[in-house]
Amino acid sequence: MILKEFLELRRDRRTMAMIIALPLLLLVVFGYAANFSVTDVPTRVYGARAQAVAGQLRAPFDVDGVDPAGTEEQARDALRAQDAGAVVLTTSAPSSKVLIDGSNLFAAQAAASAAEASGGTLVPEVLFNPELKTSWMMVPALVGMIMAFIGTIITAIGLVRERQAGTLEQLAVMPFKASDVIVGKIAPYFVLAAFDMILVTVLGCLVFGVPFAGNAAVFALGAALFLFTVLGIGVLISSVSQNQGQAMQLALLTLMPQILLSGMIFPLSAMAAGVRWIGYLFPLTYFIMISNGVMLRDAPLDSLALPLGVLAGMAVLVFTFAVLRFRRDLAPAAPRALEKAVAAGSAR
């Protein structure tokens, strides 16, 4: 029996890859990504003494803009649009006010600590998350993580279950295009996942006191693009899986790196450069940018154009691949479905 199990495992290359490759992958990625220390906070300096104060700032303040005519209102707008992580407002007085984006928790903590250690030269004021509550940062990210799990796993397993039940062969002889089939399959999951997202978001705001400061329509647009993308990933996983066990393995393989590298747990800016770029390949990374910006900062639509555009591109790309893959699966299933139909007719 032991020998038999080893032989079966050797034949199951996907399981072997999960057993051997996944632990090594998680070790390397987690080792380079697990860093809470932020050493560079993008900083702008406004006011009459901007040039002089900019030359005196030290880490973690990384000055990338100086504007002697800049005002406090412009500083708040820059933080709201996340064009900077901190803005130093200089006056004729020896001390300067530092406005800090509290929605980026770890960068805000680093900037606030450095300001407090300046001996009164820099006076910190944290915006969007004044008390630097961890829950205010985590809830917008958790909404995306929960939806990624539900959308990917439920879709993948549900469609594989239909494949095992023979439904795929029935669809092959119906007058449907592959895109029609995928939209029809995704639509119910999309509606249910959208309901779950609304429920989780409302409960997160009520239970943890997280504000929803921004435009609900912008949040809904980002959520729709994100859900369409993760549901499409679920369809892709189902198309390359022969059973529910394989679908679950692949779903977890796509979800684990997203949790580690999306900025949900560890700040992207603190990750090693060789690992950080991987995080920008995942849809969860961009949904967190959108949910964090809308819920905490009331970020304007134009400042979220990049993550919205990337999610839209991902949705189109994933849907296209899903249609092509599903069309390839339907083609060989059609003859089998016709044979069964003929055989059933002959028997009658």
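Trainee: Which side chain meets Arg76 in a salt bridge, and what is the N to O distance?

Mentor: The partner of Arg76 is Glu72, and the N to O distance is 2.9 Å. Please keep in mind that this is a predicted model.

Trainee: Where do Glu72 and Arg76 lie?

Mentor: Both belong to helix α4, which covers residues 72-80. They are four residues apart, about one turn of the helix.

Trainee: Is Glu72 buried or partly exposed?

Mentor: Glu72 counts as partly exposed, because its relative accessibility is 31%. Arg76 also counts as partly exposed, at 26% relative accessibility.

Trainee: Which residue does Lys97 form a salt bridge with, at 3.6 Å?

Mentor: That residue is Glu72; the closest N and O atoms of the pair are 3.6 Å apart.

Trainee: What are the closest N and O atoms of Glu125 and Lys97 apart?

Mentor: They are 3.5 Å apart, and the two residues form a salt bridge. This pair links distant parts of the chain, with Glu125 in strand β5 (residues 122-127) and Lys97 in strand β4, 28 residues apart. Glu125 is partly exposed, given its relative accessibility of 27%.

Trainee: Which residues do the shared partners join into one network?

Mentor: The network consists of Glu72, Arg76, Lys97 and Glu125, joined by salt bridges that share partners.

Trainee: How many salt bridges does the structure hold?

Mentor: The structure holds six salt bridges.

Trainee: Changing topic: how many aromatic pairs are there?

Mentor: The count comes to four aromatic pairs. In one of them, the rings of Phe226 and Phe287 have their centres 4.8 Å apart.

Trainee: Why is that pair of Phe226 and Phe287 called stacked?

Mentor: The planes of the two rings are at 20°, so the pair is stacked; planes under 30 degrees apart count as such.

Trainee: Where in the chain are Phe226 and Phe287?

Mentor: Phe226 is in helix α9 (residues 216-239) and Phe287 is in helix α12 (residues 283-297). They are 61 residues apart, and the pair links distant parts of the chain.

Trainee: Which residues form the aromatic cluster?

Mentor: Phe212, Phe219, Phe226 and Phe287 form one aromatic cluster.

Definitions and conventions. Residues numbered from 1 in each chain as written. Predicted model: local features only at pLDDT ≥ 70, side-chain atom pairs only at ≥ 80, totals over all residues. Heavy atoms only, no water. Salt bridge = Lys/Arg side-chain N within 4 Å of Asp/Glu carboxyl O. Helix = DSSP H or I, 4+ residues; strand = E, 2+ residues; numbered from the N terminus. Buried < 20%, exposed > 50% of the residue type's maximum accessible area, 1.4 Å probe, protein only. Phe/Tyr/Trp six-rings, centres within 6.5 Å; stacked < 30°, edge-to-face > 60°.
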